[in-house]
Amino acid sequence: MTDELSALSFEEALLELEQTVAQLESGNLTLEASLALFERGQRLASHCGRLLDQAQLRVEMLTSDGELVALPGMD
């Protein structure tokens, strides 16, 4: 992962991913631009997934008995 991506917060990466999807769905791009955006979107999605995994691990570590706890609103 590039340093640029690793510097993005989850919220920043998710916003950029949503914008990327919207651009791709518009259908107004060349094939080359579409491929570049798709590749960027893949990297953004992977970055978001890693950040979510890290957050889950932190929550698991915070529970006293190691059991997963349901967070309010995360059903």
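The side chain of T20 reaches the backbone oxygen of E16 at 2.8 Å. Select these two residues to begin; the model on display is a predicted one, and each stop below should be read accordingly.

**Stop 1**

T20 lies in helix α2. Is T20 buried or exposed? With a relative accessible area of 4%, T20 is buried, because the limit for that class is under 20%. Next, display the residues around T20. Leaving out residues up to four places away in sequence, T20 touches L37, G41 and L44.

**Stop 2: L44**

L44 belongs to helix α3. Its relative accessibility is 0%, so L44 counts as buried. Which residues surround L44 once neighbours within four places in sequence are set aside? The contacts of L44 are L5, L8, A13, E16, L17 and T20.

**Stop 3: R40 and its two partners**

Now select R40, in helix α3 (residues 31-62). How many salt bridges does a search of the whole structure find? The search returns two, and R40 takes part in each of them.

Show E4 with R40 for one of these pairs. Their side chains meet in a salt bridge, with 3.2 Å from N to O. This pair links distant parts of the chain, as E4 is in helix α1 and 36 residues separate it from R40. R40 counts as buried, because its relative accessibility is 13%.

R40 forms a salt bridge with E16, and the closest N and O atoms are 2.7 Å apart. Here too distant parts of the chain are linked: R40 is in helix α3 and E16 in helix α2, 24 residues apart. E16 counts as partly exposed, because its relative accessibility is 22%. With the three residues displayed together, E4, E16 and R40 form one network, joined by salt bridges that share partners. Side chains of opposite charge can pair when their charged atoms come close.

**Stop 4: the whole chain**

Return to a cartoon view of the protein. It contains three helices and zero strands, in the order α-α-α along the sequence. Among contacts between residues at least 6 apart in sequence, 63% join residues at least 24 apart. Buried residues account for 16% of the 75 residues. Switching to a surface view, the accessible surface comes to about 5,800 Å², of which 58% belongs to carbon and sulfur atoms.

**Stop 5: colouring by confidence**

Finally, colour the model by pLDDT. The protein averages 86, and 77% of the residues score at least 70. Where is confidence lowest and where highest? The lowest mean is 88, in helix α1 (residues 3-6), and the highest is 96, in helix α2 (residues 10-26). Where pLDDT is low, the predicted coordinates should not be read in detail.

Key: Residues numbered from 1 in each chain as written. Predicted model: local features only at pLDDT ≥ 70, side-chain atom pairs only at ≥ 80, totals over all residues. Heavy atoms only, no water. pLDDT = per-residue confidence, 0-100. Helix = DSSP H or I, 4+ residues; strand = E, 2+ residues; numbered from the N terminus. Salt bridge = Lys/Arg side-chain N within 4 Å of Asp/Glu carboxyl O. Buried < 20%, exposed > 50% of the residue type's maximum accessible area, 1.4 Å probe, protein only. Polar contact = N/O pair within 3.5 Å; in protein donor to acceptor, adjacent residues only side chain to side chain. Contact = heavy atoms within 4.5 Å. Areas by Shrake-Rupley, 256 points an atom, 1.4 Å probe, with all protein chains shown as cover.
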